[in-house]
Amino acid sequence: MRTPDASTGACHAAVPAASRAPDLDLGVIGNGTIGALVDRMARIVWCCLPRLDGDPVFCGLLESDGGSREDGVFAVELERFAHSRQHYDPGTAVLRTELFDEDGQGVEVTDFAPRFVLHDRLFRPAQVVRRVRPLRGRPRIRIRLRPRGEWNAQAPRVTRGSNHIRYLFPSETYRLSTDAPPSYVIQETWFSLHATANFVFGTDETLGGGIDQTAGSFEAGTVRHWREWTRRLALPFEWQDAVIRAAITLKLCQYEETGAIVAALTTSVPEAPDSGRNWDYRYCWLRDAFFVVRALNSLAEVGTMEDYLRWLHDVIREARGGHVQPLYGIGLECRIPESAVPTLGGYRGMGPVRVGNQAYEHHQHDVYGNIILGAAQAFVDRRLFRPADRDDFRALQTIGERAWLLHDQPDAGMWELRTRARVHTSSSLMCWAACDRLAKIGRVLADTTAAQRWRERADRVRARILEAAWSERRQAFAAAFGADDLDASVLLMAEVGFIDPADSRFVSTVDALERALCDGPYMRRYEAPDDFGVPSVAFNVCSFWRIDALSRIGRHEDARAVFETMLSRRNALGLLSEDLDMRTGELWGNFPQTYSMVGIVNGAMRLSRGWDEVV
């Protein structure tokens with residue numbers, strides 16, 4: 001029995017590792033270079049090195065047996081384990097897991113990835129730090145450190161020094177620096193814990209000082225950094241803990257070396273049981289990244305946008321006015337070929353495990369609007385170190401030309417359908433947004449000729465959407481031009497300013513979507529079958545789009561009720577994945593999902609009452 005509380009932590013009953021199926025009751029740690037997932041047993045079950053899209057050195061999450069053999073995990077085990085509890089240090093990405101044995105003896109495992117300013121620059125090495133300290137009695141622990149290479153195909157060659165162990169793979173070497181006995185670690189021996197034991201694991205680099213001193217200073221610096229970061233956020237009055245956790249999680253999904261933002265930290269967690277909908281989300285979708293940037297901007301966190309715009313600048317220049325892919329690698333890689341990995345059985349044995357994503361080959365026309373929407377604020381925000389200028393406007397206009405050219409042409413759509421192309425309403429909508437924002441930027445820059453040209457184009461695209469996307473039979477805007485089937489993405493019409501929420505057509509659309517796609521508070525993406533059949537789970541961001549729409553049309557209490565339900569479906573640490581089983585409430589899909597965490601921020605910012613309304 002466990003009682004989750006995202007603010008204070010979660011309690012977990014004893015479950016033998018060998019009998020547990022993996023689930024998404026996971027915490028995330030990271031630093032803008034790497035990310036790792038830690039389960040309630042204090043096992044690191046997922047971590048890609050040396051960057052967010054790298055080879056998963058710890059891949060137990062996708063072991064067919066849930067990692068019960070302890071391959072691909074970094075585990076701290078407590079002898080005669082009875083129960084555990086977890087929590088984050090408030091306002092940080094520092095995770096603490098407390099393990100207790102049958103006699104009440106316990107240890108605390110502190111997990112984090114170092115992140116703080118050092119020598120006038122941000123220090124964020126490809127390392128995870130684990131500090132294990134006794135809480136009560138004379139507990140005995142065992143360390144199981146079993147990194148894997150080449151997607152679980154390779155076991156390392158192990159060598160040791162006086163205070164470190166090296167794990168050698170053909171293409172990379174990793175190092176564990178520790179003040180615990182290396183022999184005990186290598187041999188996986190139970191030993192009594194009398195004082196804090198420190199474990200620093202990452203790329204093969206020596207530490208500059210003593211292990212305990214280094215780990216302690218890394219922890220203090222990381223806690224201080226995150227608390228200073230969250231202290232600057234402009235929070236709503238209500239749901240502040242939920243928003244802080246969402247904001248930190250979104251920040252952890254940015255690869256700061258380049259500025260790219262991944263859609264999630266994992267690959268191949270199925271959207272639904274045995275569905276085959278297993279995808280690799282460790283890349284930067286321009287659509288998802290825009291929503292992340294906008295959510296953090298609403299909290300007055302503009303650093304993420306500045307870093308992302310550096311990356312986006314090169315995407316735009318590389319396109320040279322031509323086709324832009326919907327996603328790229330975090331190092332601006334254009335080719336991301338998709339293949340199945342035979343050496344991992346998959347989450348709960350539900351393969352395939354995929355690496356790469358074939359969607360990079362797609363034509364998804366909403367991408368042009370997402371680029372311009374993501375960059376528009378840079379023309380008016382005086383806080384930026386490098387505000388956008390006329391040269392940036394010229395570059396964006398080449399993207400706008402593509403939006404204008406393609407606004408009524410078939411594409412794969414934002415849901416990346418692989419076998420069907422239509423003129424998707426959501427794609428045309430974002431092409432309108434591209435023209436609309438360029439008109440507004442032109443006005444800001446006093447370029448009246450450009451402003452007028454883009455306004456005329458925006459008006460023409462808008463008229464075309466209003467005519468072709470409306471379904472008289474359904475009394476709603478449909479998924480595609482000339483179609484009758486419905487799609488939740490049309491709810492974005494009000495969010496991007498395309499239509500007045502009070503317009504009877506939009507209100508009628510919200511009603512129709514609720515009847516067709518909702519099961520209580522939860523919402524599916526669309527009703528038409530896709531390449532894998534009819535979706536059977538709720539897509540969490542669609543539920544948040546519904547919340548936004550309900551609020552805009554004046555159904556504020558309905559919106560708040562749905563929002564509270566969605567918050568209750570977060571895991572015990574306040575995190576959400578992509579999808580949700582509407583019957584059981586179980587989380588499915590890649591984790592943590594930026595789209596879903598964006599929904600938490602947006603919902604709280606829209607729905608929160610002011611302090612004078614509550615106090």
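How many aromatic pairs does the count come to? In this predicted model, the count comes to 28 aromatic pairs. A pair of aromatic rings is described by the distance of the centres and the angle of the planes. Two of these pairs are set out below.

| Pair | Distance of ring centres | Angle of planes | Class |
|---|---|---|---|
| Phe-58 and Phe-201 | 5.3 Å | 50 degrees | tilted |
| Tyr-281 and Trp-285 | 5.5 Å | 70 degrees | edge-to-face |

Phe-58 belongs to strand S6 (residues 55–58) and Phe-201 to strand S19 (residues 197–203), so their pairing ties together parts that are 143 residues apart in sequence. Both Phe-58 and Phe-201 are buried. The two residues also take part in one aromatic cluster, together with Phe-74, Tyr-167, Phe-169, Tyr-174 and Phe-199. In the edge-to-face pair, Tyr-281 and Trp-285 are likewise buried.

A further topic is the packing of two helices. Helix H12 (residues 540–552) packs with helix H13 (residues 556–568) at an angle of about 160 degrees, and their axes lie 7 Å apart. Angles over 145 degrees count as roughly antiparallel, and H12 and H13 are therefore roughly antiparallel to each other. The crossing in which H12 passes H13 is left-handed. On the H12 side, the contact is made by Asn-540, Ser-543, Phe-544, Arg-546, Ile-547, Leu-550 and Ser-551. H13 contributes His-556, Asp-558, Ala-559, Val-562, Phe-563 and Met-566.

Key. Residues numbered from 1 in each chain as written. Predicted model: local features only at pLDDT ≥ 70, side-chain atom pairs only at ≥ 80, totals over all residues. Heavy atoms only, no water. Axes fitted to C-alpha atoms, helices over the stretch in contact; angles between N-to-C directions. Helix = DSSP H or I, 4+ residues; strand = E, 2+ residues; numbered from the N terminus. Parallel < 35°, antiparallel > 145°, perpendicular 65-115°, else oblique. Left-handed = near helix turned anticlockwise from the far one by under 90°. Contact = heavy atoms within 4.5 Å. Phe/Tyr/Trp six-rings, centres within 6.5 Å; stacked < 30°, edge-to-face > 60°. Buried < 20%, exposed > 50% of the residue type's maximum accessible area, 1.4 Å probe, protein only.
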